[in-house]
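Here are a few friendly notes to read alongside the model. Take them in order, with the viewer open.

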Amino acid sequence: MKYFIDTANLNQIKEAHDLGILDGVTTNPSLMAKEGIKGESAVNKHYQTICEIVEGGDVSAEVTTVDFKSIVKQGKKLAALAKNIVVKVPMIPDGVQAIKWFTDNGILTNCTLIFSAGKAMLAAKAGAAYVSPFIGRIDDSGWDGIELIEQISHIFTIQQIDSQILAASIRSSLHIIKCSEAGDNVCTCPLESIIGLTKHPLTDIGLAKFMEDAKKFA
Ligand code: E4P
């Protein structure tokens, strides 16, 4: 499974990259706004900086338009920023049309805001490199996000679909493990959920004892 970080915060991206396990980054308009970046050139520069940090890992840059022509126009500009930009497109009819256009023109896409198997199937049919089901938001509304990953994974396996299942809207380290079990290909996570995978009290207790005993033969 690949690990992406879901943030536009440069320090967090650097920290995850320094762990040596980072495969890419996803951003969205809310995450960009949170960093206080304003204006097209600042936004573009920010994407380029992220692309440099992850050294070739895929970086999803989301369009902020909703009609076919505007999505294509904006997506082309985003894709031109760096070789590792993946254009993130919302799962709406114009988005599907744009994904097909990008696919036909050699531009990789990540179809975002997926909340059903049907949406994932149609995004894949249009050629999306990644389909992004939003696990946490599904759980928040009383449905089961992990079940959706299982269902999409099952369909993609029996239909031999190549699009990668990118589990998004991750809320915990347990989500990462469960998504992996359910058959996702990529998990995009907040930094704390990745770091959470390193934690266990028995590791801390065991390490403290080893360090104490190491003093005996230093
Ligand atoms: C996906 O790519 C989105 O950026 C993200 O995972 C949404 O997560 P949220 O539900 O925590 O906002």
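1. Leu-113 sits in strand β5, which covers residues 109–114. This is a predicted model, and in it the phi of Leu-113 is near 65 degrees, a positive value in a residue other than glycine. Most residues other than glycine have a negative phi. Is Leu-113 buried or exposed, or something in between? Leu-113 is partly exposed, with a relative accessible area of 34%.

2. Where does Ser-169 lie? Ser-169 is in the loop between β7 (164–167) and α9 (173–182). Ser-169 counts as buried because its relative accessibility is 8%, and the cut-off for buried is under 20%.

3. Now for the cysteines. How many disulfides does a search of the whole structure find? The search finds 0. For Cys-187, the closest cysteine sulfur is that of Cys-189, at 4.0 Å, which is too far for a bond, because a disulfide needs two cysteine sulfur atoms within 2.5 Å.

4. Stepping back to the whole fold, you can count 11 helices and 8 strands in the protein chain. Of its 218 residues, 46% count as buried. If you take the contacts between residues at least 6 apart in sequence, 55% of them join residues at least 24 apart.

5. What about overall dimensions? The C-alpha trace spans about 70 × 40 × 30 Å along its principal axes.

6. Last, the surface and the charges. The protein chain exposes about 11500 Å², and carbon and sulfur atoms supply 55% of that area. How many positive and negative side chains are there? The protein chain has 21 positive and 25 negative ones, and the centres of these two sets lie 6 Å apart.

Terms used: Residues numbered from 1 in each chain as written. Predicted model: local features only at pLDDT ≥ 70, side-chain atom pairs only at ≥ 80, totals over all residues. Heavy atoms only, no water. Helix = DSSP H or I, 4+ residues; strand = E, 2+ residues; numbered from the N terminus. Buried < 20%, exposed > 50% of the residue type's maximum accessible area, 1.4 Å probe, protein only. Contact = heavy atoms within 4.5 Å. Areas by Shrake-Rupley, 256 points an atom, 1.4 Å probe, with all protein chains shown as cover. Lys, Arg positive; Asp, Glu negative; His and termini not counted. Charge placed at Lys NZ, Arg CZ, Asp CG, Glu CD.
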